[in-house]
Amino acid sequence: MIKHLVFFKLAGEAEGNAKTENILLVKEKLEALKKVIPVIRKIEVFPNHPQASSENYDIVLDSEFDSLEDLKIYAEHPEHLKVGEFIAKVRIGRAAIDYEF
């Protein structure tokens, strides 16, 4: 199994929305991918706690796949690419890690 973790830091305002609105939109869009990309075993998105440090990243994507090949299928899937286009417009930072467990 492969764990794919991605952290996003969002702009204070982007695409006509405040950061809090974009956090909800990113969560909704990413979690909806489970219904259209069958290789996703698990996908959850969590916002940073409102009282946690503002220096933290704003969102973490926690997802699981059977293999690196499945992760590649997910990464290249047209619906994932659409969500990625939106995220690219609202983020100012990204960090990721993939590991086997």
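Which residue stands opposite V45 in strand 5? In strand 5, the residue opposite V45 is L61. The structure is a predicted model, in which local features need pLDDT of at least 70 and side-chain atom pairs count only at pLDDT 80 or more, while totals for chains, interfaces and linings use all residues. Residues are numbered from 1 along each chain as its sequence is written, and side-chain values use heavy atoms, with hydrogens and water left out.

Helices (H or I, at least four residues) and strands (E, at least two) are DSSP runs numbered from the N terminus, and two strands pair if DSSP finds at least two bridges between them. Strand 4 and strand 5 are antiparallel and pair over six bridges. Strand 5 also pairs with strand 1, in the antiparallel sense, over seven bridges. Within this pairing, F65 of strand 5 is the bridge partner of I2, and I59 of strand 5 is that of F8.

Burial was assigned from relative accessible area (buried under 20%, exposed over 50%, partly exposed in between; 1.4 Å probe, protein chains only). Strand 1 is largely enclosed by the rest of the structure, because eight of its nine residues are buried. In strand 5, seven of seven residues are buried. Both faces of strand 5 are covered, with I59, L61, S63 and F65 on one side and V60, D62 and E64 on the other. R91, in strand 6, counts as partly exposed because its relative accessibility is 34%. Contacts (heavy atoms within 4.5 Å) of R91, leaving aside neighbours within four places in sequence, are made with F8, K9, L10 and A11.

A nonpolar core is a set of buried Ala, Val, Leu, Ile, Met, Phe, Trp, Tyr and Cys residues joined through side-chain atoms within 4.5 Å. The largest such core has 24 residues, of which L30 and Y74 touch the most other members. Two or more residues each come from strand 1 (2-10), helix 1 (19-32), strand 4 (42-47), strand 5 (59-65), helix 2 (68-76) and helix 3 (78-90). Apart from neighbours within four places in sequence, the contacts of Y74 are H4, L30, L33, I37, V39, I40, I43, L61, F65 and H80.

Pockets were located on a 1 Å grid over the protein atoms alone, as open sets of points where a 1.4 Å probe fits, with protein on both sides within 12 Å along at least five of seven lines; lining residues have an atom within 4 Å of a point. The largest pocket holds about 250 Å³. Its lining has 13 residues, and K19, I23, N48, P50 and D58 are the closest to its centre. Helix 1 provides the largest share of this lining, four residues. The second largest pocket has a volume of about 190 Å³ and is lined by 15 residues, with V6, F8, H80, G84 and R94 nearest its centre. Helix 3 gives the most to the lining of the second largest pocket, five residues.

Key: Points joined across faces, edges and corners; volume = space filled by probe spheres on them.
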